[in-house]
Structure formats: C-alpha cells, structure tokens
Amino acid sequence: MTKINARRAALSAALLTLLPLSAHATNGMNMEGYGPIATAMGGASMGYDNGTAAMMNNVATLGLMEEGSRLDVFFGFLGPDVDAAAGGQTANSGGTAYWMPAAGFVRKRDGVTLGLGLYGQGGMGTEYGDGSFMSMGYGLENRTELSVGRVILPIAFQATDRLSLGASLDFVWAGLDLRMAMSEAQFGDLITTRRGGTASGSLVTAFSGMYQPLAGPGAPISALNFAYFDFSNGSRFSGKARGYGYAGKLGATFRVNDRLTLGASYHSETRLGDMSTDQAVVRMGVTADFGAGSQNYDIPVTGRLSVKDFQWPATWSLGAALQATDRLLLVGDIKRIAWADTMQAFRMVFTADGSQANPLAAGFAGQTIDAALYQRWKDQTVYQLGAAYAWNRQLTLRAGINVADNPVPDQYLNALFPAIIEQHVTAGFGYAFNDLQSIDVSVQRGLRISATNPGNGATIPAVTSTHAQWNFQFIYSHRF
C-alpha cells in the first residue's frame, strides 16, 4: 500500500470512532438488510460480494472481493410512519425522520481480508406529543428511542478455491431514551394482577402504604393519576441510558460451480452490560390529602435507572446466489432470529437518590423499584429474495422482497415499541463511474400493518398500533 493510501486507511479508521448511529428497524428491531446492495434485493446477502456491509451480513463474503482495498462511506434515511388509536382517538408519532451514517474499510491480500467497520444494528423509535390521548390529559410526552450499533473487526480467508471462511469480533453499544406514562390501572396491574408485567421494591412498598386502594381508608393518597418513567436527552443519535458489550459472528461461502454460491452465517447473542443513567425521574401524579385537603400533586423522584439484561438475539442465516445469466443474478436467504431468548421482559431497576429536591419525594429517598414489562416475543423467520440485472458495464438494476412473521404477541404489544412490520418491497441500482469509484442506492417500503393489544376490559382499553416505513440507503465506494 502506498503512503497516501495508508494515510487514507488510517484517517478512515479514526473517523469511525466519531460517527454516531441511530437505527429504527422493521424485521422485529433488526433492519430489513444492511448496505444498499443487499437491501435493494430484499436484504439477501449470504452468497455474493456486497461490499463492507458483509460485516453485518455474512463476513465470509469479504473473501469474494478482488485483491486490494475498499472504503465504503454510507448513510441511510429511515422514515417510520406510526400511529396508535384507542377509544376513537388517534395519536400520530412525530418520530418520522432518522439519519444513520456508517463506514467500512477492508483490505485483501494473498487471500486474507482484514478490515474495520461501523454499522447500525437496529432499534425502534416513536414520539407521541403531550397533547395525545397517551398523555392522559396531563401533558406527558410519550417517547422511546432505542439504537444499537457496532464497531466490527472482521477477517475472511480462502480456505480452498471453493470455500471462504470469515469471523468478526464486534464491540456493541446500545442507547435508550424513554418517556412512558402509565395509568392507575396499568401501574396497578404491575403490583396486583400482573397480567402485563410486575413491579416490586421498597419504593412500591412505601407507596402502597400511602395508597388507599391498597392500604385502606385513612391513607393519604386517594388516586394515582399517572406514573411516568422519564429518561431522555432528545438526541437523534444517542440515548440517555447507555450500555456496552461485545458479540461475534461466523460465516462461510461455498462455490458449488461457476454459477452457484451458497452461504451461511451465525451472529451470536450480544453480551451487553446494563443500559444505565444517573439522571432518571419517576414521577407520580396523585390526588392526596397531605394535611391541606385533597389536592393534585406531581411528585418527581430523581435517581439512577438501569435497563437490565437487554441483549440482541442470535441469528442464523442460509442463502444462495445464482448467476443465472451473464447479466442476471438471483439471490435468496432464509434467516432465523431468536427473539424468544432475549425479549421475554423489558426490566428496569430504579434507585432513588438519597437526597430529593422536592419535599414530597423525601419519603422515597434511597428506595427502589424493580419493574418488568412482559414482551414474550416469538422467534422470527425472515425470507429475503432479490435479483440484480447488469444493464451495461456501468449500471446495475436491483429489486427484491422481504417477508417475515410478526414476532410481537398482541397481548404484549406496546404502542411505544410497534415492531410489527411483516413485508417489504425493495429496489435500487448501482453505478460504476470507473474501475475505482461507484455508488449504490436502495429504497425500501415497509408495507402498512396494524395490530391490537386487547387491553383488559374497561380499565385498560384496547390500543391499535399501525406501522409503515420508507427507508433509503446510499453508499459511495472507493477501491485502491
């Protein structure tokens, strides 16, 4: 490598550490594909060279590239269209535009490919304003933004003329913002009937002793108007609560003949630490008599909150790429995502500060809440099919479909996490300016779908979530 190219590689690696990521996804919480070459073809990527996005797809396909170096600079736009409806009222999510940068650099020499990449894994985001029905008339914004990203160190090598093997070590981070209002019936369910989750801890015990429906007549609090979990920095690129960890990937490709290549990959479950923040607030809106007659009070309890054992699931993928003619490439993958192993419950542990600024919160100082919202997701099977047609030496046209089952049970569907899309149609193109420079573009449409949490009779109403999405990806590639 020349000194100029070495400086380019070093600069690219340095820039990777500066790029923020946020991704909002539609195969559950995964993106429907990674990199515009693959996403234009339904996300299928197991058996052909799809650039440095292979670090997120099948790392062994890096071994299919020609000798030399490649730098990919990527950005994506994600445009979810989400709303929630209950009791004749509809709330539209204001989270409609998210940008996602990424980059990757690889170098292949003597059959061995090494590199470095930064890519978004996936996530979810919704924003319901303080005037929606979800605010329950108290001006409470409901918002969630989950983003997961990876810095990836891949290696791929030619084991034989037909077999390519690959592996990667991934540094993983996750960020979460959450503003979630719960009604008296919803919070009470966590303590008593426990249909949708659980809540326990010394803060719950202290509150229950002051709450008439549980403690009986004479207790000062007659009604819980709302409970509100709040930790959010409002950033599009990083959450208030953050966690870090690692994962790994294995991959292989096998060239059956000059036309057909098979591929397989395994992405391990992550090992993420708790997502934590020291600047969380649990607010309790109550009607109470604290010695001055019955009044409404807003009690903000400040403290530390940790989201416990949030992990990204293992994924198994199999696929094939068939060069049907000199111009036509057909690809297809089957993917199995093990959501059931990781998405059983969303658990938060809150520990109140020892000193509270609000006098009404002083009795909760140092107390804890251990709350879990049931998720109980099912494992998800994803089918990815696509085709690429080389119109000429410069222009390649692509199209595909992505079909999956919905992993989220209706009973546990939360309007803040509507990861329910099942079908995508995709298209795109690649254009080579010369042998060294090219661009690739894809557009994906997540088809509109609705699902309804049936609620619990008159106390917890049914809520219908509707989700569609327009996504766009672009990559500039330079080979040297």
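Predicted model: local features only at pLDDT ≥ 70, side-chain atom pairs only at ≥ 80, totals over all residues.
Let me begin with Met 136, which counts as partly exposed because its relative accessibility is 25%, where partly exposed means between the two limits of buried, under 20% relative accessible area, and exposed, over 50%, taken with a 1.4 Å probe and protein chains only. Met 136 sits in the loop that runs between β4 (112-128) and β5 (142-158), and although Met 136 is not a glycine, its phi is positive, at about 55°. When I speak of strands and helices, I mean DSSP runs numbered from the N terminus, with helices being H or I of at least four residues and strands being E of at least two.

Residues are numbered from 1 along each chain as its sequence is written, and side-chain values use heavy atoms, with hydrogens and water left out.

Arg 376 belongs to the loop between β17 and β18, and it counts as partly exposed because its relative accessibility is 36%.

Side chains of opposite charge can pair when their charged atoms come close. Here a salt bridge is a side-chain nitrogen of Lys or Arg within 4 Å of a carboxyl oxygen of Asp or Glu, and the structure holds 17 of them. In one of these, the side chains of Glu 127 and Arg 143 meet at 3.6 Å, N to O. That pair links distant parts of the chain, since Glu 127 is in strand β4 and Arg 143 is in strand β5, 16 residues apart. Glu 127 is buried, with a relative accessible area of 16%, and Arg 143 is buried as well, at 4%. Arg 143 also meets Glu 145 in a salt bridge, at 3.3 Å, N to O, and both Arg 143 and Glu 145 are buried.

Which side chains meet in a salt bridge at 3.2 Å, N to O? They are those of Arg 255 and Asp 258, of which Arg 255 is partly exposed, with a relative accessible area of 30%, whereas Asp 258 is exposed, at 72%.

Now to the pairing of strands, where two strands pair if DSSP finds at least two bridges between them. Strand β1 (residues 68-86) and strand β2 (residues 89-92) pair in the antiparallel sense over 4 bridges, and Ala 85 stands opposite Thr 90 in β2. The two form a hairpin with 2 residues between them, and Gly 87 in the turn has a positive phi of about 55°. Strand β1 also holds Asp 72, which is buried, with a relative accessible area of 1%. From Asp 72 to Arg 283 the separation is 211 residues in sequence and 46 Å in space, C-alpha to C-alpha.

How many of the 15 residues of strand β12 (residues 275-289) are buried? The count is 11, so β12 is largely enclosed by the rest of the structure. Strand β8 (residues 221-231) runs antiparallel to β12 and is joined to it by 8 bridges, with Gly 285 in β12 as the bridge partner of Phe 226. On to strand β13 (residues 294-308), which is antiparallel to β12 and joined to it by 13 bridges, with Leu 305 in β13 as the bridge partner of Thr 277. β12 and β13 form a hairpin with 4 residues between them, and Gly 291 in the turn has a positive phi of about 105°.

I will end with Val 425, which is found in strand β20 (residues 423-432) and is partly exposed, with a relative accessible area of 39%.
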